[in-house]
Amino acid sequence: MSELTAGGVGAELTAASDTQGEGWRDGAAADDAAVAAVRGFNRFYTNVIGLLRGKYLDTPYSLTEARLLFELAQRDTSEVTDLRRMVDIDPGYLSRILARFAADGLITRQRSAADARRQIIGLTATGRSVVGGLDARSAGQTRDMLAAVRDEDRRRLLDAMRVIKETLTGSPRPRGYLLRPPQPGDMGWVVQRNAAVYTEEFGWDSSYEALVARIVADYVDHREPGAEAAWIAEVDGTPAGCVFCVRENATTARLRLLLVEPWARGLGIGSRLVEEVLQFARQAGYSGVTLWTNDVLTGARRIYQRAGFTLANESRHHSFGKDLTGQNWSRALLPRGKADRSRRGDAERGE
């Protein structure tokens, strides 16, 4: 987040209608393109996993039947009403499937002791054996599909699947993350995501991407081990943020390229990345940390303020295609021993 007459009336209405119509057509075209993209993906993926070949995984069961068996295997017994809700299936169709399962010896059926109108379904030993076979076949099919996918592409694939699920279900965001050193490919991610996020959120042009690329290349080419470091925040195996700590001079470190993905915000990643820089800078012997940002980055500025940074100066400039106000922030660092004693004192005072 570091580094803008009746004929006259009729003519006016016609002109306005034409203008609105163009906007409506543009929006409709975008919607149609999105619909076509989703339908195209559905056709592609159902073909990849073989749903068009008749029975599921070359077994005697359809996809719906296999899904019902899977749901039954998740618990000892299930009510028919619960199965209908979980699989979103027509009651008559569900009844016919359960009748077939019973005839094949896959399930038991009994009336609920609490309410005779409710039917309780459970898998027999034979039924659980069938589910085990289906599960093994499905896992094998998926394993074979992923075997041909490179590690980086696999990470992108799983990330895309996570986004689809979270977006369509409104599921809560993950609560955990980890910090790690950069790995091969991460530096390219830093450049690409900085450019994409800042273009989307602030309308910055490609000159910002060029700046980030220069910063990253300089770090890779000239990094001083022990005096400079970088961190990648990862959520569920997917990069979610980054920050760099580089040498400004013999006594001062510079925090650069703090970024947290929009989908990962609210987890405390930004504050943790800044704290990691402060700890590293203190251990490396720096007496202070400085950074440059812009006033439009309100979220980043709040993180810096909470971390003890103060605004040193600011000036207007035109960069990245926008009129901006650049800001220099800084923070003094206590020597390591004094910092430890200060933290102990804060804890004793309950601060």
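Which residue of S10 does Thr293 stand opposite? I found Gln327 in S10 opposite Thr293.

The model is predicted, so I took local features only at pLDDT of at least 70 and side-chain atom pairs only at pLDDT 80 or more, while totals for chains, interfaces and linings use all residues. Residues are numbered from 1 along each chain as its sequence is written, and side-chain values use heavy atoms, without hydrogens and water.

Strands. I looked up S8 (residues 288–294) and S10 (residues 322–332), which run antiparallel and are joined by seven bridges; pairing requires at least two DSSP bridges. S9 (residues 310–319) also pairs with S10 in the antiparallel sense, over nine bridges. Arg316 stands opposite Thr325 in S10. The hairpin of S9 and S10 has two residues between the strands, and Phe320 there takes a positive phi near 60°.

Aromatics. Phe320 also belongs to one aromatic cluster with Tyr198, Phe202, Trp204 and Tyr208. I noted ring centres 5.8 Å apart and planes at 35° for Tyr198 and Phe202, so this pair is tilted (pairs have centres within 6.5 Å; planes under 30 degrees apart are stacked, over 60 edge-to-face, the rest tilted; for Trp the six-membered ring is used). Both residues lie in helix H7 (residues 186–202), four residues apart, about one turn of the helix. Tyr198 is buried at 2% relative accessible area, whereas Phe202 is partly exposed at 23% (buried is under 20%, exposed over 50%, partly exposed in between, with a 1.4 Å probe and protein chains only). Phe202 also forms a tilted pair with Trp204, 5.9 Å centre to centre with 40° between the planes. Trp204 is buried, at 1% relative accessibility.
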